Amino acid sequence: MTTTATEDPQGRPARERASSPGASGASGAAVAVLPGVLTSALAWTDAHRTRFALPDDVLEPHTQVNATLKPLGELAQLGSTIRRTTVPGTPEHVRAGDLVAYAWEQVHEGALLLELLRAEPFAAYPYEIYAAFAGYGLRHEGFEALARPLTATRAWAHTEQHANRQLGLVNSERRVGVVTHTDAGGVLSRTWLGGLSEPWMFEGPSGYALTHTVFHLTDWGRMPDRVPKKIDGYLRTWLPAWADGCLESGQWDLTGELLAVAASLPGPAPAELLDTVWPVLADAQHPTGCVPETGVPAEDPSPDPYPFIDCYHSTLVTAFAAALSLRSLRQTDARTDETTPGRERHTP
């Protein structure tokens, strides 16, 4: 068993990383950094919550959805998952809930999404943003009254989109509580991941398609048992190599998404992978808590070392992945306590 000391994208010696999936063992390296990573990333997001605010002209045709509604929808989605994954009463749990409440206020408790749906009944994104709130228990009666007949149309069932995006729409329908327009299993088989593609064909776009396939399949990590056995084995085999490649090329955002995928698998957490990768991603996190999407981590000590658009998503993803990883590792520890002969459990 060997380890290799690689360099980070800035040319500095990085922490030693295992050259094989089982090299680091159950060292606890991930658990040592994860609470701080999660707390810092959420603190940065909370401090910049007004940057997620929607402009007054958000309903106008010229407004850029990717710069306005998309970030807010991601705040709602990832914030709600973090809230459900963290321990009630902890600062992280409370802060994540506050961020979701802020996002709900920004869409006027669903009324703004209803206006979007009226203006663009052919578009899926208002429904998908709404589903992020509905899955959390925040609902708008008027939105759902209009959405029901729209989602029953032939056009809705035959919207042309990539398979992983269609899987996302199926998951949104599940969250809202309506009959899905197609079978999730059939859609999964058409994805890059569902086809168990040759692992050496992995690159940026296929990587993001893969991660979102898992997120939609598992409802953003809430239902790991939805991952089929063959896909689980495939991911456990190849995630270490893909994550290592992302680290070496400074793809911090995709690294975070791969870690979230690893923590969304059924059964025991892939502790060796988490122990190997999390300390490196933690090193890329700025002292303020933000994480760049790509490239050389900034050494600028200022509160905003990156433009908001270049770090908000990777910072949210890092917090999301950290919350899922902590949950997965703790569940694995709990299983060990229950199955190890002669080990006494203590209940506080």
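At what angle do helix H11 and helix H13 pack, and how far apart are their axes? Keep in mind as you look that this is a predicted model. H11 covers residues 229–248 and H13 covers residues 271–284; the angle is about 10°, and the axes lie 11 Å apart. That angle makes H11 roughly parallel to H13, because anything under 35 degrees counts as roughly parallel.

So what do the two helices touch each other with? H11 brings Leu-239, Pro-240, Ala-243 and Leu-247, while H13 brings Leu-273, Val-277 and Val-280. Sort the residues of this contact by type and you get seven nonpolar, no polar and no charged.

Now let's move to the largest pocket, which holds about 870 Å³ of space. Its lining has 31 residues, and the ones nearest the centre are Lys-70, Glu-74, Arg-165, His-212 and Trp-220. To find your way around the lining, follow the helices: H2 (69–85), H5 (125–134), H8 (163–176), H10 (204–217), H12 (252–262) and H14 (312–339) each supply at least two of its residues.

Is Ser-172 buried or exposed? It is buried, because its relative accessible area is 7% and the cut-off for buried is under 20%. Leaving aside residues up to four places away in sequence, Ser-172 touches Tyr-127, Glu-128 and Ala-131.

Terms used
Residues numbered from 1 in each chain as written. Predicted model: local features only at pLDDT ≥ 70, side-chain atom pairs only at ≥ 80, totals over all residues. Heavy atoms only, no water. Axes fitted to C-alpha atoms, helices over the stretch in contact; angles between N-to-C directions. Helix = DSSP H or I, 4+ residues; strand = E, 2+ residues; numbered from the N terminus. Parallel < 35°, antiparallel > 145°, perpendicular 65-115°, else oblique. Contact = heavy atoms within 4.5 Å. Nonpolar A, V, L, I, M, F, W, Y, C, P; charged D, E, K, R; others polar. 1 Å grid on protein atoms, 1.4 Å probe; cavity = no way out; pocket = protein on both sides within 12 Å on 5 of 7 lines; lining within 4 Å. Points joined across faces, edges and corners; volume = space filled by probe spheres on them. Buried < 20%, exposed > 50% of the residue type's maximum accessible area, 1.4 Å probe, protein only.
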